[in-house]
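Please view the sequence and the structure first, and then read the points below.

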Amino acid sequence: MGVWNYLSILAPTLAGGIQMRHRIVVAVALTCLWSVFLVAIAQTDAKSSQNSSKPKASAATKTSQTDGERRFLVNCGRCHNPPESISPREARAVVRHMRVRAMLSAEDEKLILKFLAP
């Protein structure tokens, strides 16, 4: 306590300076996060505009296969690679089991099953 008697700066003033530095750090961090968010949005928009310029398949079966594959990659591809060969019976059992665990919709289940066992 004797040290505080010799300081020319009062303790509450010092604490206020720390709070101001804390506010500045938080403001800089929020600004960085916001700019990262904006860059991610811009990249997503650029990818979607590139994907929309690609020609689409004309056959309905090709489209459903693509939809099933896309749903598999989005929902299942985070943890699993597509199986090279699987029987329809195994595919039904696996998709039914994973529907509950991965919270798949009925449409997702149908398309993924069509992709795994055509």
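This is a predicted model: local features need pLDDT of at least 70, side-chain atom pairs count only at pLDDT 80 or more; totals for chains, interfaces and linings use all residues.

The expected span of a helix is 1.5 Å times one less than its number of residues. The chain has 118 residues, and its secondary structure consists of five helices and zero strands.

**Overall organisation**
- Read from the N terminus, the order of elements is α-α-α-α-α.
- Of the 118 residues in the chain, 13% are buried.

**Helix H4**
- Helix H4 covers residues 88-102, and because its 15 residues count 1.5 Å each under the rule above, it should span 21 Å.
- The end C-alpha atoms of H4 are 20 Å apart, which agrees with that expectation.
- Met 103 follows H4 and has a positive phi, near 55°.

**The largest nonpolar core**
- Nine residues form the largest nonpolar core: Phe 72, Cys 76, Ala 91, Val 95, Leu 104, Ile 112, Phe 115, Leu 116 and Ala 117.
- At least two residues of this core come from each of helix H3 (60-76), H4 and helix H5 (106-116).
- The most is given by H5, which contributes three residues to this core.
- Leu 116, one of the core residues, touches Phe 72, Pro 83, Ile 86, Ala 91 and Val 95, leaving aside residues up to four places away in sequence.

How values were computed:
Residues are numbered from 1 along each chain as its sequence is written. Side-chain values use heavy atoms; hydrogens and water are left out. Helices (H or I, at least four residues) and strands (E, at least two) are DSSP runs, numbered from the N terminus. Buried means under 20% relative accessible area, exposed over 50%, partly exposed in between (1.4 Å probe, protein chains only). A nonpolar core is a set of buried Ala, Val, Leu, Ile, Met, Phe, Trp, Tyr and Cys residues joined through side-chain atoms within 4.5 Å. Contact means heavy atoms within 4.5 Å.
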